[in-house]
Amino acid sequence: MPFIDVDEDNFDAVLAREFEKEKIVILKFGSHYCDACQTMEMELEELCDRLANVSILRIDSNVSAYLTQRYFVEEVPTTLIFKEAEKQLSYTTGIMLADDMVDIILNEQR
């Protein structure tokens, strides 16, 4: 699985580490009880099969209330794509297709 499970205790350290590696970082907010979240994980797995320089931080919104507030998450799944800590490329609620995520990332790298 290409996911890094994070919570409020380790989030900032893991996020900083992945940006130091110059990775595209995707924050995936979801829940174990959400069918759409499981579908979103399949799309993210496909994305990782197609692009190597991506890190996906998986955040359980039921456990990490502070992070959901920090990133203004009101429903799951919610996916945020960052090129750098201060450069957000996308904020999407609902299921996002791997093709769309690849397009966003590749368009930024041109």
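## Strands and sheet

Strands (E, at least two residues) and helices (H or I, at least four residues) are DSSP runs, numbered from the N terminus, and two strands pair if DSSP finds at least two bridges between them. This is a predicted model, in which local features need pLDDT of at least 70 and side-chain atom pairs count only at pLDDT 80 or more, whereas totals for chains, interfaces and linings use all residues. Residues are numbered from 1 along each chain as its sequence is written, and side-chain values use heavy atoms, with hydrogens and water left out.

Five strands make an open sheet of mixed pairing in the order S1-S3-S2-S4-S5, with strand S1 (3–6) and strand S5 (87–93) as the edge strands, each pairing on one side only. S1 and strand S3 (residues 54–60) run parallel and are joined by four bridges, and Asp5 stands opposite Arg58 in S3.

## Helices on the sheet

Helix H1 (residues 11–20) packs on the sheet, in contact with S1, strand S2 (24–30), S3 and strand S4 (78–84), where contact means heavy atoms within 4.5 Å. The direction of H1 makes about 170 degrees with that of S3; axes are lines fitted to C-alpha atoms, for helices over the stretch in contact, and angles run from 0 to 180 degrees between N-to-C directions. Helix H2 (residues 35–50) also packs on the sheet, touching S1, S2, S3 and S4, and its direction makes about 165 degrees with that of S2.

## Cysteines

A search of the whole structure finds one disulfide, a term for a pair of cysteine sulfur atoms within 2.5 Å. Cys34 and Cys37 form this link, with their sulfur atoms 2.5 Å apart, and its 80 degrees about the S-S bond make it right-handed. The sulfur of Cys48 lies 17 Å from the closest cysteine sulfur, that of Cys37, and is therefore too far away for a bond.
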